[in-house]
Amino acid sequence: MSTVHRKGTVEEITLSKIPGFSFKDVSFHLVDYGPSGMLLPKPGKLETVYNALKGAHPHLHVYKKEEMPERLRFSKNPRILPIVLYADPGYLINGYFPVQINKGEHGFDNQEMDMKPFFRAVGPVFHKNLEVGPFETVNIYPLMCHILGIRPEVNDGHLNATKHMLVSSTGKTTNYQHNAVVGLSAVAGFLLVVFVVLIAQRIFRKKDDSKMLKSSKDFSEPEKQSRL
């Protein structure tokens, strides 16, 4: 997390105050949510909006979607809008006027040291007292899949980046079919137990109902005889 610079100490980023930029040229926007944002210019207004914002503030970075740095992996998803904005650490992107009150924020460039998380793992598969160098968090997913014996879906991570943490760093071939059978067997066993419990409960309930009905009849017979 980075400390946010407030008015009076720095020149804040407020899009409505930038010369040449107008929200009238934008169909949709995602700003006022921290140090990043996206804009959807109206038809024919892409270059107008882009040129007005590019270089307008020394701590504001403006990119067309296809020009985003490859390391950020933020250009190929269809939900990403045509213009992407992000600010330097300590700065927020405001729309019409500053509305954010947080003293600190996440979401800055992941190369900044303030954005680095820490990773701690304990368990029989990990080396003890091992300190490792930095790695991208996308590599945790294939690591967890490897440990659990789960076939990973397509992702941007690589097991090679983390397998040196494991006691057996060479790894072993995971029998996914065996794990699937074991998992399905466990589920089937659980469902069978639930089924037996429900059937037993139903049988006992019927017996209780029969006893209550018999007791009711036995009680009503003497009453009828006394009336006679």
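Domain 1 (2-113) and domain 2 (117-165) each give at least three residues to the lining of the largest pocket. The model is predicted. The volume of this pocket is about 1200 Å³.

In total, 40 residues line the largest pocket. Nearest its centre lie Met 115, Pro 117, Phe 135, Glu 136 and Thr 137. Two elements supply two or more lining residues: strand S4 (36-41) and strand S6 (83-87). By type, the lining holds 25 nonpolar, 8 polar and 7 charged residues.

## An enclosed cavity

Rolling a probe the size of a water molecule over the atoms shows where empty space is left. The structure has 1 cavity of 30 Å³ or more. The largest cavity holds about 70 Å³ of space.

Its lining includes Val 4, His 5, Arg 6, Glu 12 and Ile 13. Gly 90, Tyr 91, Leu 92, Asn 94, Pro 98 and Gln 100 line the largest cavity too. The lining of this cavity divides into 5 nonpolar, 4 polar and 2 charged residues.

Helix H2 covers residues 140-148. Pro 142, Leu 143 and Cys 145 are buried there. These three lie on the same side of H2, because they cover an arc of only 165° around the axis. An α-helix has 3.6 residues a turn, so residues three or four places apart point the same way.

Note on methods
Residues are numbered from 1 along each chain as its sequence is written. This is a predicted model: local features need pLDDT of at least 70, side-chain atom pairs count only at pLDDT 80 or more; totals for chains, interfaces and linings use all residues. Side-chain values use heavy atoms; hydrogens and water are left out. On a 1 Å grid over the protein atoms alone, a cavity is a set of points where a 1.4 Å probe fits but cannot get out, and a pocket is an open set with protein on both sides within 12 Å along at least five of seven lines; lining residues have an atom within 4 Å of a point. Grid points are joined across faces, edges and corners, and a volume is the space filled by probe spheres set on the points. Helices (H or I, at least four residues) and strands (E, at least two) are DSSP runs, numbered from the N terminus. Ala, Val, Leu, Ile, Met, Phe, Trp, Tyr, Cys and Pro count as nonpolar, Asp, Glu, Lys and Arg as charged, and the others, Gly among them, as polar. Domain bounds come from an automatic or database domain assignment. Buried means under 20% relative accessible area, exposed over 50%, partly exposed in between (1.4 Å probe, protein chains only). The arc is that of the directions from the helix axis to the C-beta atoms.
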